[in-house]
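Q: I have a structure here that is new to me. Can we go through it piece by piece?

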Amino acid sequence: MKLQRPILVGGLGLSFCLWMFQSWHHYLVLSGELSLLSLLAVGGGLWLLKQKSTKEALEQLDRTPVDRATVEGAIALAEAVVTRLAQEAENHIEVLGATSLLQEKIVQLTAELDRKEIDLAVTGGKSVGKTALIRLLKQNFSSLQFHETLPLFTEAGEERDATELEKAIASDFILFLIDGDLIDSEFQIIQQIKAANQSIMLVLNKQDQYLPDERLNVFSQLKQRLQGYVVATTAYPLPIKVRKHLEDGSVQEWLEQPAPDIQQLTSVLGEILLQQGEQLVWATTRRKALLLKAEAKDLLNGIRRDRSLQSIEQYQWIAAAAAFANPVPTLDILATAAINAQMVMDLGAIYQQKFSLAQAQTVAGTMGSLMLKLGLVELSSQAIATILKSNAVTFVAGGAVQGVSAAYLTRIAGLTLVEYFQQQEIAIDSGTVFNPEKLRQTLLSCFQQNQQISLLQGFVKQSVKRLLSSPKPGISAV
Ligand SMILES: Nc1nc2c(ncn2[C@@H]2O[C@H](COP(=O)(O)OP(=O)(O)O)[C@@H](O)[C@H]2O)c(=O)[nH]1
Ligand SMILES: [Mg+2]
């Protein structure tokens, strides 16, 4: 049995003796100056092998280490996207406010790198001892800023939990309190915090409420479920009844308030702040930079999507009119009109991805043959033909199926490109590599999204109206 973390010893229960027996070898090697006697003399709340535990705590923080250069890189990237946004937002009044706010935040980020105070969030369920623990910690750590979140897992619901979690993740370090075994919802939250690359320490409070054997049990369970670090505390022990038998045979009773015990926590926390305080601040700054970049990218994508949709509409009606005026077998639609290399270039330009005409033709060709291979052309022409018939628009002359299909496939191609470009990292200096496999996946999911009968019906109606109102031979109809 290998000791992964210190074991809380509250007395000499059976499990403790077993543990002693099984790990005697480990014990002799590790505990150096500790004599067996001093071990036997320990009372409740004492931790063994403290030195090792602190070292492990630092190793087990389970956070990708962040250095200053990495954070500066993240800020620079966010700044580039915000700058781009500011350029493209010029004619979009609706995002101007948000854009200038992001610009201000970018400036603040650089200053954040040298922040000295550390923000510590204390979170967990209701009445687990958050307030009591903070009161004690304040006496030990004057340079820390404490934030107690509202209690999680209450009737207030998951939405509030999410908000509180977001606040906690915005801090530099999280203490997550529990006062019993870890339940599933708590485990989920801890996983979310780790996924956000935020540092967390699990604090098992109210140790005074456990029997020694129970403590070990709870601990070994936690040990199995978590890779992060766990400490145990008693922030506000219940009073103990003391009874004294006097010589005259009478009995005196009174309540005594035991001292709290958060020593394990303070020593590990102290070590972490000393060794990693700067890194914690950098990690927070990096998270903020990533968030900022994502926000800016969202806004930018919104603007670009609007422009793209306008462009796609134009090309789709051009294709429709051409196919309507000059009907060809549906399978030839692609070859003649549907996927226009010029549209690829236009959309690419909106997303700062420059294509030469030859490249754009390759992309258009790839999409066309993909659509054929995946059976999208046949599927959609059949569906469109069925809708046209069932809507009794029989008066529509031959070519309607071709016209609507051409429009539809052009639209799918355009939406696919938009989706594809959006998923690319915002290209700051262009030069992105074309990824046909990604394009194939995007095409499929776009097709599926736009294949619902109700959507298609709407599209067919709109197209027919458009085709009938456009003067033949239509190319000028746009
Ligand atoms: N027995 C015991 N009770 C505790 C301990 N810590 C806090 N409490 C009690 O738990 C209750 C809730 O504590 P509080 O700090 O307000 O919890 P919060 O809701 O998480 O802020 C109070 O009655 C505290 O006295 C502890 O270590 N042992
Ligand atoms: Mg409280």
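Q: Is lysine 206 buried or exposed?
A: Lysine 206 is buried, with 21 other C-beta atoms within 10 Å. A residue is called buried if 20 or more other C-beta atoms lie within 10 Å of its own, exposed if 12 or fewer, and partly exposed in between, with C-beta atoms placed from the backbone. This is a predicted model, in which local features need pLDDT of at least 70 and side-chain atom pairs count only at pLDDT 80 or more, while totals for chains, interfaces and linings use all residues. Residues are numbered from 1 along each chain as its sequence is written, and chains are lettered from A and ligands numbered from 1 in the order in which they are written.

Q: Where does lysine 206 lie?
A: Lysine 206 is in the loop between strand S6 (200-204) and helix H10 (212-225). Helices (H or I, at least four residues) and strands (E, at least two) are DSSP runs, numbered from the N terminus.

Q: What about the phi of lysine 206?
A: Lysine 206 is not a glycine, yet has a positive phi of about 65°. Most residues other than glycine have a negative phi.

Q: And serine 127, what is its phi?
A: Serine 127, also not a glycine, has a positive phi of about 60°. Serine 127 sits in the loop between S3 and helix H7 (130-140). Serine 127 is exposed, with 12 other C-beta atoms within 10 Å.

Q: Switching to the ligand. Which residues come nearest to ligand 1?
A: Gly129, Lys130, Thr131, Ala132 and Tyr236, out of 17 residues around ligand 1. To be near, a residue needs its C-beta atom, placed from the backbone, within 6 Å of the molecule.

Q: What classes are in that shell?
A: Around ligand 1 there are seven nonpolar, six polar and four charged residues. Ala, Val, Leu, Ile, Met, Phe, Trp, Tyr, Cys and Pro count as nonpolar, Asp, Glu, Lys and Arg as charged, and the others, Gly among them, as polar.

Q: OK, helices. Which residues of H8 are buried?
A: Asp161, Glu164, Leu165, Ala168 and Ile169. Seen down the axis of H8, they fall within an arc of 135°, so they line one face of the helix. The arc is that of the directions from the helix axis to the C-beta atoms.

Q: What covers them?
A: The cover includes strand S3 (118-124), strand S5 (173-178) and helix H9 (184-195). Here, contact between two residues puts their C-beta atoms, placed from the backbone, within 7 Å.

Q: And which are buried in H18?
A: In H18, Val460, Ser463, Val464, Arg466 and Leu467 are buried. Their arc is within 165° seen down the axis of H18, so they line one face of the helix. Exposed residues on the other side of H18 include Ser454, Gln462 and Lys465. Among what covers the buried residues of H18 are H11, helix H15 (376-390) and helix H16 (400-423).

Q: How many residues are in the largest nonpolar core?
A: The largest nonpolar core has 60 residues, and those with the most contacts inside it are Ala78, Leu202, Val203 and Ala296. A nonpolar core is a set of buried Ala, Val, Leu, Ile, Met, Phe, Trp, Tyr and Cys residues joined through C-beta atoms within 7 Å. Helix H11 (residues 263-325) gives the most to this core, with 13 residues.
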